[in-house]
Amino acid sequence: MILSSDNISKKLLNIIDSTPIFDLHTHLFPPKHEGYFLLGFKNLLNYHYLIAELLTATNIDASTFYSFNDEKKASLIWNELFEKRTPVSEACSGVLSILKELNIEINNKSFLSICDEYDRKIQSDKNILDLSNVSSLVMTNNPFDLDEWSLFNTNDWDKKIYLASLRLDDLILDYDETLKKAKDQTSNQENTIVNYLEKCYSQSNPVYAAISLNLETFNTILEDSMWRDILVWLESKKLPLSLMLGVKRAVNKDFGLAGDGIGEINLKELSNLCNSFPKNKFLVTCLSLNDQHELTVLARKHPNLRIFGFWWFMNQPTIIKQILKMRIDMLGFSFIPQHSDARVSDQLIYKWNHFKKILHPILLEYYQDLLDKNFPISENILQRDINNLLSGNAKNYLGIT
Ligand code: RAT
Ligand code: ZN
């Protein structure tokens, strides 16, 4: 059925709301992975985005804050950011969106009574996957953290929902220590890292490998022979390398996980990498607003480069609106528009709801323009496009069904 200007908005909204999502990058784990699986109101408040906001808005000292138990930390964040101040930031607004979705009223309620009500309503990851319409997601798995990696020694979790990725940052952050760990895990002492990755590959069946880089560390990937071997190995496995570019770790060490910031990156080197390894596939996201235009141009030049998501400091409504349009203007729908980066399962609800709220009016503008130019838009076209944007583009690039 061909749609008209009068009914296209509602149809589009329904399709966006009902289409299952594939989440390309998260920090989530299945419930069975104790100590790593995070759920619930307290964990939601103890998110490092909110911790950074708390520690900069108040005089609370970071080491004092981190010495508190989870409940005290969460109640402090609630009190400082939601009671003493107006919770307008994106991270605060996310918490409120989840409460609203769960029909939890805030009015005159204490922190602990909200916690109780929340915990009665959300009890498993299944609740969250249903509410957010996420059908499967990619975890961030560090093969050099043996405790975290022990997930792959067990089978009592859903491997169709929770897909693995190989996060290789440790090879850059502490090469000697990481090599030692890999040696301990492999009998073959030659080409240790690739041998170890091969072992991890058969244990976890990953869908990509990933690394976060900045100007200083990017050169290593281009010049180092071990990275050349890793890239050759990734190509042989048809695994993309996800490059998360422009982070500077520990800008404020005292803040811990909340202390990372923006670093520099030279995207000309990304272009060199794409040319030097034409058979490798690269998934790329950049942390700084400054790099977005050049990255989009590069995605028009290199078929082996696919842009994904609005990473971390980029994941703000004002920025997304502007950059999403620029990406569509230059690439059509050939990119992966979003990932959640969720660390607490419940965040899937707000991260995706917030994104859909931005996606709908922007897409509508493009479809209205096509209708104005007598280009027929059917429900099938809308469904095809939304399938691609919310899952197909990512899955096709990874070569999974
Ligand atoms: O967005 C975040 O939670 C950051 O702390 C990082 O984890 C980032 O997404 C990354 O994957 O390095
Ligand atoms: Zn992340």
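View 1. An N or O atom in the side chain of Asp341 is 2.8 Å from an oxygen atom of ligand 1. Of the 300 Å² that ligand 1 exposes when taken alone, the protein buries 98% (Shrake-Rupley areas with a 1.4 Å probe; for residues, only the protein chains shown count as cover). The residues surrounding ligand 1 (a heavy atom within 4 Å) include Arg167, Met244, Arg249, Trp311, Trp312 and Arg343.

**View 2. The zinc ion (ligand 2) and its donors.** His25 (NE2), His27 (NE2) and Asp341 (OD) coordinate the zinc ion at 2.0 to 2.1 Å, donors being N, O and S atoms within 2.8 Å of the metal (3.2 Å for Na, K and Ca), and since water is not among the atoms, the site may look incomplete. Along the sequence, the spacing of these donor residues is H-x1-H-x313-D. His25 is buried, with a relative accessible area of 2%, and His27 is also buried, at 16% (buried means under 20% relative accessible area, exposed over 50%, partly exposed in between, with a 1.4 Å probe and protein chains only).

**View 3. Helix H14, residues 225–237.** The 13 residues of H14 reach 18 Å from the first C-alpha to the last, close to the 18 Å expected at 1.5 Å a residue, the expected span being 1.5 Å times one less than the number of residues; helices (H or I, at least four residues) and strands (E, at least two) are DSSP runs, numbered from the N terminus. Met226, Trp227, Ile230, Leu231, Trp233 and Leu234 are buried in H14, and they lie on the same side of the helix because they cover an arc of only 160° around the axis, taken from the directions from the helix axis to the C-beta atoms. The face turned away from this buried side carries the exposed residues Ser225 and Ser236. At the start of H14, a side-chain oxygen of Asp224 reaches to within 2.7 Å of the backbone nitrogen of Met226.

**Notes on the model.** Residues are numbered from 1 along each chain as its sequence is written, with chains lettered from A and ligands numbered from 1 in the order in which they are written. In this predicted model local features need pLDDT of at least 70 and side-chain atom pairs count only at pLDDT 80 or more, whereas totals for chains, interfaces and linings use all residues, and side-chain values use heavy atoms, with hydrogens and water left out.

Technical notes:
Polar contact = N/O pair within 3.5 Å; in protein donor to acceptor, adjacent residues only side chain to side chain.
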